Every structure is written in C-alpha cells, then in structure tokens.
Amino acid sequence: TNAGGSTPATSPASVQVAPDPPVNTTLPTTTGTTRDGQILSAGAGVWTGTPAITFTYQWERCDNAGASCADIAGATASDYELTPADVDGTLRVRVTATNAGGNASARSAATAVIAPDPPVNTDLPVVSGTVRDGQTLSSTVGTWTGTPVIS
C-alpha cells in the first residue's frame with residue numbers, strides 16, 4: 001500500500017504444522033493402601049503437547065527397593081488389585097501418553113513395600129470329643145482368610 005493504491009500478494013503455503021508431541025512435566029502417581037487385596041490407582045501425571053492426549057497404563061512389579069521391575073501381565077488399567085505375588089515387593093506404574101505428534105512414557109515412584117493381608121477368622125475352630133476327665137479332645141483350626149501362608 002502507498003499513495004498510489006494497494007496490491008495484494010499471497011505467499012506460498014508453509015510446510016504442514018506438526019503437532020507438539022507429549023512431554024511429561026509431573027510424574028505419574030499411585031494412591032491406595034499397599035496391602036494384599038487392596039486396590040491401587042494411578043494418576044497420569046501432568047503432560048504438555050497438542051491435544052488430544054490419550055493415556056495407557058502398565059503396572060510393574062519391583063523388588064522391595066523399587067528396582068528390578070517387570071511388567072505384570074494384563075495389568076493395563078488405571079486401577080490394580082494387589083495379589084499375594086506382590087507381597088514384600090513394591091509396584092510402580094508406567095504411563096504412556098499418545099497424540100498425533102507421537103508418544104512418550106513416564107514412571108511413578110515405587111510404592112511402599114506391599115504388606116500381607118492379616119489373618120481373619122471366618123469360621124470358628126471346633127472342639128470335639130467327650131468332655132470328661134481322662135478323655136481326649138480334638139479341635140479343628142476353623143477357616144481363615146489372609147495372605148497365604150497362614151500357620
């Protein structure tokens with residue numbers, strides 16, 4: 001544009017604008033009671049990147065120091081129910097964020113050591129026999145729940 005008028009001009013098209021891939025800015029978290037039979041829940045953490053970002057989960061079983069971790073087969077939901085196999089170890093969750101720009105993964109810190117479920121009596125012991133001096137009585141142990149092995 002000048003005193004004589006104006007003339008339009010159009011630039012060539014730019015290259016396609018690529019989506020920004022996911023980047024983790026706050027690690028995933030785990031919440032819940034770390035005892036056999038209880039449920040742990042994963043928080044995805046905080047991620048940047050072009051929306052929409054989707055998340056997948058993979059729970060990992062670790063030693064009691066939070067090292068030597070391995071994937072738990074089939075444990076791919078945001079919630080995980082602890083089992084006797086988890087007792088005396090720790091767990092963590094790997095979250096993978098995916099969008100049109102790619103994917104990235106981040107792991108939570110290890111949980112506290114998973115405790116066994118304490119014994120709970122569900123069927124009382126039974127004493128049987130003749131209740132008389134000199135006679136032998138016997139008993140059953142009843143029925144108990146809790147993390148095996150219960151002695």
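**View 1. Glu60 and Arg94, a buried pair.** In this predicted model, Glu60 and Arg94 are both buried. Their side chains meet in a salt bridge, with 2.6 Å from N to O. Follow the chain and you will see that this pair links distant parts: Glu60 sits in strand β5 and Arg94 in strand β8, 34 residues apart.

**View 2. Glu60 again, now with Arg92.** Here the side chains of Arg92 and Glu60 form a salt bridge, at 2.8 Å from N to O. Arg92 belongs to strand β8 (residues 90-99) and Glu60 to strand β5 (residues 54-62), so this contact ties together parts that are 32 residues apart in sequence. Are the two partners buried or exposed? Glu60 has 3% relative accessibility and therefore counts as buried. Arg92, at 21%, counts as partly exposed.

**View 3. Arg61 reaches Asp86.** Take a look at the side chains of Arg61 and Asp86, which meet in a salt bridge of 2.6 Å, N to O. This pair also links distant parts of the chain: Arg61 lies in strand β5, while Asp86 lies in the loop between β7 (79-81) and β8, 25 residues apart. Arg61 is partly exposed, with a relative accessible area of 28%, whereas Asp86 is buried, with a relative accessible area of 1%.

**View 4. A network of salt bridges.** Which residues are linked in a network of salt bridges? They are Glu60, Asp71, Arg92, Arg94 and Arg107. Across the whole structure, a search finds six salt bridges.

How values were computed:
Residues are numbered from 1 along each chain as its sequence is written. This is a predicted model: local features need pLDDT of at least 70, side-chain atom pairs count only at pLDDT 80 or more; totals for chains, interfaces and linings use all residues. Side-chain values use heavy atoms; hydrogens and water are left out. A salt bridge is a side-chain nitrogen of Lys or Arg within 4 Å of a carboxyl oxygen of Asp or Glu. Helices (H or I, at least four residues) and strands (E, at least two) are DSSP runs, numbered from the N terminus. Buried means under 20% relative accessible area, exposed over 50%, partly exposed in between (1.4 Å probe, protein chains only).
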